[in-house]
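Here is a short walk through one protein model.

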Amino acid sequence: MTITGGSVKCARSFSEAAHVRNTLRWDLSPDEFRSQTESLITRVKKFYDNVGSLNLDDVSVENTLETLAEAKLEYASSRHVLDFPQFVFPSKEIRSASTEADKTLADFDVEISMREDVFKRLTALQAKLQVDVSPEGKRFLDRLVTLGRRKGLHLSKEVQEQIKVTSKLISELCIEFNKNINEDNTSLVFSEHELGGLADSYLSGLERTADGRYKVTLEYPHYYPLMKRCHNPETRRKMETAFHSRCKEVNSTILEQLIQLRAKVSSLLGYSSHANYVLEINMARNACNVSDFLDTFYETLKPIGIKERKYILALKKRECLMRGQHFDGIINAWDLPYYMNQVEQCKFAVNKDKLIEYFPLHVVTEGLFSIYQELLGLTFSEVEHAHVWHHDVKLYSARDTDTGQEIGHFYLDLHPREGKYGHAACFGLQPGGRGPDGKRRLPVAAMVANFTKPRKNWPSLLQHHEVETYFHEFGHVMHEICSKATYSEFSGTLVETDFVEVPSQMLENWVWEKEPLRRMSRHYKDGSPIPEDLLDKLIASRVANTGLMNLRQVVLSKVDQTLHSSSFADTAQVFTKHYQDILGVPATPDTNMTASFSHLAGGYDGQYYSYLWSEVYSADIFFSRFKNEGIMNPKVGKEYRKVILETGGSVDGMVMLKSFLGRTPNQDAFFQCKGLTKTKGRINVLLLSHRGPANHIYD
């Protein structure tokens with residue numbers, strides 16, 4: 001379908017996305033996974049062999065830099081058909097074949113990243129290079145040399161071999177860690193009494209056992225509503241314990257191995273810790289800067305967190321008296337989501353049962369498309385009869401509205417199923433970049449989520465936080481497909497890790513503004529708009545639980561930094577300590593949240609702080625430009641697309657920020673959107689436009 005400004009008409013045919021059809025196949029057999037993996041390795045290795053065999057005096061931009069650019073484009077364009085299915089395919093056999101392909105390719109990644117012969121040609125080219133290369137080409141060359149040094153290619157053969165062997169083991173363990181999480185299918189069984197407080201619509205979506213009880217999985221659409229709404233604390237305790245015990249034994253062991261191995265490689269390369277190693281090429285630069293950032297934010301939030309915990313404890317005491325339950329005088333981990341939800345209801349009067357009725361998934365999707373298209377000057381068309389990996393999946397083509405030129409494609413895979421990746425994420429499937437024929441390869445991305453699946457006579461309805469997740473991940477999709485970088489190495493989200501969340505976080509702001517909220521909502525029964533008073537209460541509730549929600553992010557960031565500033569660690573003990581010290585809540589006994597903390601084995605090791613760090617910049621962008629000049633201002637939107645999204649990683653994040661803002665970024669908007677404001681050297685809580693009983697908690 002083509003969706004422009006809310007209107008809908010039929011697209012022409014699948015031929016509009018012929019490039020996707022011809023490149024991305026989703027019908028490989030297990031044998032084909034093996035053969036295509038071997039073929040890809042052979043093809044790419046030949047490029048590297050050709051560069052590695054050049055005489056040092058003969059290296060040039062064409063025979064060295066452009067050859068490697070072609071190799072990287074070929075590799076990235078072909079690899080994800082092989083490694084992506086492990087996250088989404090319904091067939092366990094195919095998921096396993098994809099996982100094995102990923103392991104083989106991860107080994108190959110290490111091999112080609114440690115080609116000393118290629119590194120010597122690159123350093124020779126860098127030494128002789130004058131002006132016969134573009135700024136992006138020079139950045140590409142400098143990056144390849146930097147990455148070579150970060151692999152130890154300037155060190156002895158003995159050290160290189162140790163790094164290579166260890167790096168391969170790290171890759172294999174990361175794949176196993178995430179496979180274990182994805183394949184986990186733990187479920188619990190409860191009676192109707194044990195699920196007291198949950199809506200009939202929730203219960204009707206659960207599988208029943210032979211004796212009439214309810215089977216509850218740990219998938220997001222089951223877990224989070226239960227933790228927020230079930231008034232039986234023992235049920236919540238069992239669910240919380242199970243959720244944070246997923247893969248506990250096997251993944252705790254893997255993670256602790258990873259910590260040791262990463263520390264070993266970092267030490268061999270001359271770094272004091274893995275954290276300092278990974279941070280060197282980020283905006284933060286080193287662990288000390290990250291620690292200062294987190295400590296400052298913690299000290300700001302600490303008194304607010306204390307007041308919020310005090311209020312929650314009062315809510316718990318009152319409820320225990322009302323329900324005749326024992327009051328233990330503490331806030332347990334399984335109490336937090338339940339009573340934080342009550343804070344929103346008690347202090348902001350947000351009726352969650354009523355609110356969810358206005359966010360049917362198809363309406364949210366229509367509104368989201370409308371907003372992104374209008375803002376960024378794009379047109380999306382659904383590709384009919386697309387070849388996809390599951391019947392729930394849809395493929396779309398994106399075009400520039402002014403020129404009609406196709407710029408990329410994206411898949412939406414929005415509902416849970418067994419064996420599927422359990423979180424929400426954007427996967428880059430094919431980078432954009434200039435091909436060897438001079439023509440541009442179009443980028444392809446997939447958004448994967450786990451929103452409640454529609455049932456007979458009952459649509460998929462989203463909680464508001466799920467709408468926010470949708471906007472966030474779709475922001476990553478736009479970052480991927482809007483890219484105009486010449487080299488695939490800089491395509492889309494291939495930016496500094498602590499900048500990568502900026503575009504997606506910035507676009508979350510639209511789900512807290514009236515005009516966009518009206519566009520993406522209407523009642524699932526009669527199409528009526530959200531009542532004005534409910535809309536006002538929802539927007540005001542943005543600052544609910546500001547202290548505790550952000551302190552939890554500090555906890556996870558500190559856990560990550562602590563683990564990756566050490567050469568060994570007891571992961572459960574580290575998490576328990578930080579959870580108690582920072583959040584002021586004891587971790588659930590005999591659990592280990594880090595065993596299912598997929599970021600630590602998914603590219604965010606030593607870098608989880610990026611979520612908070614990026615918010616400083618995303619808030620500045622939104623409040624300084626969009627809020628001031630119009631949140632649906634297409635002029636600002638197109639400038640944002642050009643300066644931030646199209647650029648990809650071809651320039652530093654700070655350069656993009658200064659260009660778009662017209663100045664150096666600052667933290668003022670960050671504190672404003674958190675409901676905080678600085679006055680006379682201290683931080684006070686600012687409740688935006690809300691007035692009323694909610695103020696009591698922040699006195």
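Predicted model: local features only at pLDDT ≥ 70, side-chain atom pairs only at ≥ 80, totals over all residues.

Which residues of α21 are buried? The helix runs over residues 532-540, and its buried residues are L534, L535, L538, I539 and A540. An α-helix has 3.6 residues a turn, so residues three or four places apart point the same way.

Move on past α21 to N545. This residue sits in the loop between α21 and α22 (546-563). Its phi is near 60°, a positive value, and N545 is not a glycine. Most residues other than glycine have a negative phi. Is N545 buried or exposed? N545 counts as buried, because its relative accessibility is 3% and the cut-off for buried is under 20%.

R285 also has a positive phi, about 75°, although R285 is not a glycine. Its place is the loop between α13 (274-279) and α14 (287-323). R285 is partly exposed, with a relative accessible area of 45%.

Now step back to the whole protein. It has 27 helices and 14 strands. The radius of gyration is 25 Å, close to the 27 Å that the globule rule gives for 699 residues, so the protein is as compact as a globular protein of that length. Along the principal axes, the C-alpha atoms fill a box of roughly 85 × 65 × 60 Å. How much of the protein is buried? Of its 699 residues, 57% count as buried.

Contacts tell the next part.

The accessible surface comes to about 28400 Å². Carbon and sulfur atoms hold 51% of that surface. The protein carries 86 positive and 90 negative side chains. The centres of these two sets lie 3 Å apart.

E116 lies in helix α6, which covers residues 116-128. E116 is buried, with a relative accessible area of 14%. What does E116 touch, leaving aside its neighbours within four places in sequence? E116 is in contact with L153, K157 and Q160.

E100 lies in helix α5, residues 92-113. E100 is partly exposed, at a relative accessible area of 42%. Compare its place with that of S252. E100 and S252 are 152 residues apart in sequence. In space, their C-alpha atoms are 22 Å apart.

Finish with the cysteines. A disulfide is a covalent bond between the sulfur atoms of two cysteines. How many disulfides does the structure hold? The structure holds zero disulfides. C174 is one cysteine to check, and C174 is in no disulfide. The nearest cysteine sulfur to C174 is that of C247, 14 Å away. C174 is buried, with a relative accessible area of 14%.

Note on methods: Residues numbered from 1 in each chain as written. Heavy atoms only, no water. Buried < 20%, exposed > 50% of the residue type's maximum accessible area, 1.4 Å probe, protein only. Helix = DSSP H or I, 4+ residues; strand = E, 2+ residues; numbered from the N terminus. Rg over C-alpha atoms; globule rule 2.2 N^0.38 Å. Areas by Shrake-Rupley, 256 points an atom, 1.4 Å probe, with all protein chains shown as cover. Lys, Arg positive; Asp, Glu negative; His and termini not counted. Charge placed at Lys NZ, Arg CZ, Asp CG, Glu CD. Disulfide = S-S within 2.5 Å. Contact = heavy atoms within 4.5 Å.
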